[in-house]
Amino acid sequence: MTTAPRTLPDPGALPPERYGAFLTVRRGIPLLLTASAFLAALIHAAGRGWWMLGLVAGVASAWPTFLRGPAYLRNRTSIMRWDGLWARGLRPLARRLGREDAWILSFCAWHNHRVREAFQHRKARRTLVLLPHCIQWSPCKAGILEDLQTCYDCGKCAVGDYMQAALAGRWESRITNRSHKAYREARAYRPELIVAVSCTDRLLKGLIKLPEVPTYVIPLALPHGMCVDTDFSVAHLRAAMDALAQPAAAAAKVLPLRREA
Ligand code: SF4
């Protein structure tokens with residue numbers, strides 16, 4: 001038995017990305033070193049060769065933070081490796097300061113910002129949505145790992161809304177219970193863009209493990225702690241797909257169904 005599909009959360013516009021902390025450190029420290037090396041080279045003539053070497057190293061380190069659009073996409077693998085080193089290297093300090101999540105989210109937001117710029121004028125033709133299994137309400141027995149449409153859309157978790165949105169938009173998507181499976185699925189599908197939902201720790205690991213694929217990330221909410229009954233904004237995911245991915249050709253012809261348990 002089917003009933004009329006209900007209205008999904010309005011996607012609205014993508015929220016602003018808050019990347020100030022990561023960018024300040026990632027670009028600011030190399031530029032500060034560059035300026036210091038330049039001043040030292042002016043003052044200390046005897047060691048000028050070394051100071052000039054430091055100056056070049058500072059410029060080379062800061063330069064990738066200025067790449068935008070197609071240049072960012074072309075150089076993304078090396079950019080992610082370098083930025084990943086900064087994110088992971090300073091993570092223990094952020095943890096000591098009680099700002100670990102904020103630091104990782106700032107790193108994620110910086111790359112979200114650059115991915116948004118890169119797909120602003122030419123949306124991705126081949127997009128994969130990745131979600132973790134912990135978004136499913138833990139007592140639910142629906143086999144959504146194998147078939148998303150086994151969800152009864154009972155309203156207990158975000159999977160129901162997600163299923164409706166994915167069916168309506170004909171999104172290519174995977175729900176996985178292990179990170180390595182998600183990476184394997186992503187490599188097999190060879191997407192032009194990934195839109196991934198996960199906790200901050202997995203988002204950082206995922207961005208570093210798959211540096212070659214531009215990825216827009218959406219953090220999970222953890223109202224019951226890690227890995228159980230997590231939540232996320234389906235509206236945010238829809239906004240990301242609307243803004244970054246080309247719509248599937250036959251999307252309008254597919255009507256989402258509402259099943260009865
Ligand atoms: S919406 Fe309901 S049926 Fe679907 S996965 Fe969540 S709890 Fe299970």
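Reading a predicted model: helices, burial and a ligand shell

Read along the sequence, the protein chain of this predicted model runs α-α-α-α-α-α-β-α-β-α-β-α-β-α.

Q: How many helices and strands are in the protein chain?
A: The protein chain has 10 helices and 4 strands. Its C-alpha trace spans about 85 × 40 × 30 Å along the principal axes.

Q: Why are α6 and α9 called oblique to each other?
A: Helix α6 (residues 100-118) and helix α9 (residues 200-209) pack at an angle of about 45°. Angles under 35 degrees count as roughly parallel, 65 to 115 as roughly perpendicular and over 145 as roughly antiparallel, with the rest oblique. The pair α6 and α9 is therefore oblique. Their axes are 10 Å apart, and α6 passes α9 in a left-handed crossing.

Q: Which residues meet where α6 and α9 are in contact?
A: From α6 come D101, I104, L105, F107, C108 and H111, and from α9 come T200, L203, L204 and L207. By class, this contact of α6 with α9 has 7 nonpolar, 2 polar and 1 charged residues.

Q: What makes α1 and α6 roughly perpendicular to each other?
A: Helix α1 (residues 20-43) packs with α6 at an angle of about 80°, with the axes 7 Å apart. Angles of 65 to 115 degrees count as roughly perpendicular, and α1 and α6 therefore fall under that term. On the α1 side the contact is made by G20, A21, F22 and L23, and on the α6 side by A102, W103, S106, F107 and W110. By class, the contact of α1 with α6 has 7 nonpolar, 2 polar and no charged residues.

Q: Why is W103 called buried?
A: W103 has 21 other C-beta atoms within 10 Å. A residue is buried if that number is 20 or more, so W103 is buried. W103 is in helix α6. Leaving out residues up to four places away in sequence, W103 touches A21, L90, R91 and A94. Buried residues make up 33% of the 261 residues in the protein chain.

Q: Why does K205 count as partly exposed?
A: K205, found in helix α9, has 17 C-beta neighbours inside 10 Å. Buried takes 20 or more and exposed takes 12 or fewer, so K205 counts as partly exposed. K205 and L23 are 182 residues apart in sequence and 19 Å apart in space, C-alpha to C-alpha.

Q: What makes the phi of C227 worth a remark?
A: Most residues other than glycine have a negative phi. C227 is not a glycine, yet has a positive phi of about 65°. C227 is in the loop between β4 (215-219) and α10 (234-244). With 15 other C-beta atoms within 10 Å, C227 is partly exposed.

Q: Where does D229 lie, and what is its phi?
A: D229 lies in the loop between β4 and α10. D229 has a positive phi of about 45° although it is not a glycine. With 17 C-beta neighbours inside 10 Å, D229 counts as partly exposed.

Q: How many residues surround the ligand, and how do they divide by class?
A: The ligand is surrounded by 13 residues, and the closest are C140, C151, C154, C157 and G160. The shell around the ligand divides into 9 nonpolar, 2 polar and 2 charged residues. Cys counts as nonpolar and Gly as polar.

Technical notes: Residues are numbered from 1 along each chain as its sequence is written. This is a predicted model: local features need pLDDT of at least 70, side-chain atom pairs count only at pLDDT 80 or more; totals for chains, interfaces and linings use all residues. A residue is near a molecule or strand if its C-beta atom, placed from the backbone, lies within 6 Å of it. Axes are lines fitted to C-alpha atoms, for helices over the stretch in contact, and angles run from 0 to 180 degrees between N-to-C directions. Helices (H or I, at least four residues) and strands (E, at least two) are DSSP runs, numbered from the N terminus. A crossing is left-handed if the near helix is turned anticlockwise from the far one by less than a right angle, and right-handed if clockwise. Two residues are in contact if their C-beta atoms, placed from the backbone, lie within 7 Å.
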